[in-house]
Amino acid sequence: MFKDWAVISKVFPRPIDVMQQLLKRVFEQTIQSYLETLLGRAERQSKLAFLRVLSSSHIETRKLIEDLQRFDAETVTPAVTVLESARRSGNVPQGLLDMPSSAQTSSAQFSRSRAKQAMSRRGRDAEQSAIDDDDDLDDEAAARDRLGEAKSGVSSAVAIAALIGRSEGDNAGVGLLHGFLNRCCDDLFESYVAGSNYMRAEQAHLKEAFRQTLAPFARARAERHSSSRGNALLGIFTSVTGGANTAASASGASGVGNASAASGQPAEFEGTVTTTTARMLLQVHAEAIARGVELENDGLVTECMASLTSILLSTLGDDYMFPALEDVLESLQDLRQEPDLRTFGVIRVANIAVRLVQMHFQRTIVPFVGASSYVYRDMVAEKNQLMSRVEMSLNLISNKLVGACTQWILGILGKQRKGDFRPADDDYTAFEMGTQPCRQCADYLHRIERACRQSMGVENQERVLMDVGNTLHRMLMEHLRKFVVSVAGGLVLVKDVSKYREAISSFGIPALNEKFSILQDISNIFV
């Protein structure tokens, strides 16, 4: 570029016009042709490839424009400004810049020889005329030196300010070709981003990418619903093997599940909500947002984000989380089956997914949307509505799960035989281990406690365990009244209550410990 400008500035009397025409042809012919070929090839491959190439091409073109604008501000504009100022002052002849240095030297020598001839022929008048010619030549040399100083960048800001009468802070760093170069960049991409061309392409890709991301979940859900009811309910926590396209996703989900199990975290299952899928959806959306910020006009960025975010929230809620949570809730309807305690893990994962959405909103969307904008308020309202609906669903699942667990415990207590508290005097097994329903209940209570610790926060843990403990205390008070307790059976009763108390003490809730301590005192009366 420096070489081209050096030639243009020496050959043409108005170099800025020639430079502008040169850049225009480069953009319209060379760059435009290459860009069309590149984008056409990407479009034939996939929508995502087209959008990625379009965005990366726009980024690189903007870098080229910035380099050209810097060259214009530092080299082209100072040189042209010095030349035009010199011409306006009348000290520089027309076409100074288009003279090569050798031609300028020859012209100066020729002028001097003519001056000497005039001095010898005309006397004093001719001598005075020659002196005036020498002064003109000195003015030419001075102007040429000033131009070289401006081109080399030495004191360019001071020179420009002195020549064109503006301060250094006015339009600092903006050259004569600044607006022209911006128009060249806009013209290159106008057919791809003008109107709603880009947004239609981005929205179509986003919906398709979300559909592909949720394909394993949709396939697992469809397979469950096509099975018998019992198998369908049990299949929520069963990984579903798919084709080649879903193998990577399935292996990723199973990897997360194995790692979670090893670290004491709840495992994730393809048939329900997973953080892996939620992160993939948010990643696809973040990439679309980045392209929108790059390609859309500044005035349309907010609307672009609102449109893309609406698609994300709709997909997360209507196509993913709500159907998954509805399936979990449905699986708890059949009280004849033991409730799967992995449902506590679903509650934990769904809460994590909601927090990921909140973090994504704060980090990816808010920085580009004004907090006072009505679009921002609408987006916040839509996001809060999704989070509120998910929270309501999780509360419903939690309450239903607690009810199912206590109902299952009640079913175990229903297996208590009337003679369990009237054992034979030599039945040492009952004296040492308690009754079988008690052992089963205690084991189930420990499993509930571990599932809660693993899958829920401290506040939710305490709430769920408190509900289970209070319900168990009430059921035991009613349950034990049904039995006649012999003298030997008093020892069995004390052992059973002791096991219940031990299981409840693992909950770590003082209020429950006090209740079951009172129950223990009541059982001691029969000894």
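**Exercise 1.** Decide whether F483 is buried or exposed.

*Solution.* Start with the cut-offs: buried means under 20% relative accessible area, exposed over 50%, partly exposed in between (1.4 Å probe, protein chains only). F483 has a relative accessible area of 13%, so F483 is buried. This is a predicted model, where local features need pLDDT of at least 70 and side-chain atom pairs count only at pLDDT 80 or more, while totals for chains, interfaces and linings use all residues. Residues are numbered from 1 along each chain as its sequence is written, and side-chain values use heavy atoms, without hydrogens and water.

**Exercise 2.** Classify the aromatic pair of F361 and Y376, then that of F421 and F483.

*Solution.* Recall the rule: rings of Phe, Tyr and Trp (its six-membered ring) pair if their centres lie within 6.5 Å; planes under 30 degrees apart count as stacked, over 60 as edge-to-face and the rest as tilted. The whole structure holds four aromatic pairs. F361 and Y376 sit 6.4 Å centre to centre with 35° between the planes, a tilted pair. Both residues, F361 and Y376, are buried. F421 and F483 are 5.5 Å centre to centre with 65° between the planes, which is edge-to-face. This pair ties together parts 62 residues apart in sequence, because F421 lies in the loop between α15 and α16 (428-433) and F483 in the loop between α18 and α19 (487-505). Helices here are DSSP runs (H or I, at least four residues), numbered from the N terminus. F421 has 1% relative accessibility, so F421 also counts as buried.

Note on methods: Helix = DSSP H or I, 4+ residues; strand = E, 2+ residues; numbered from the N terminus.
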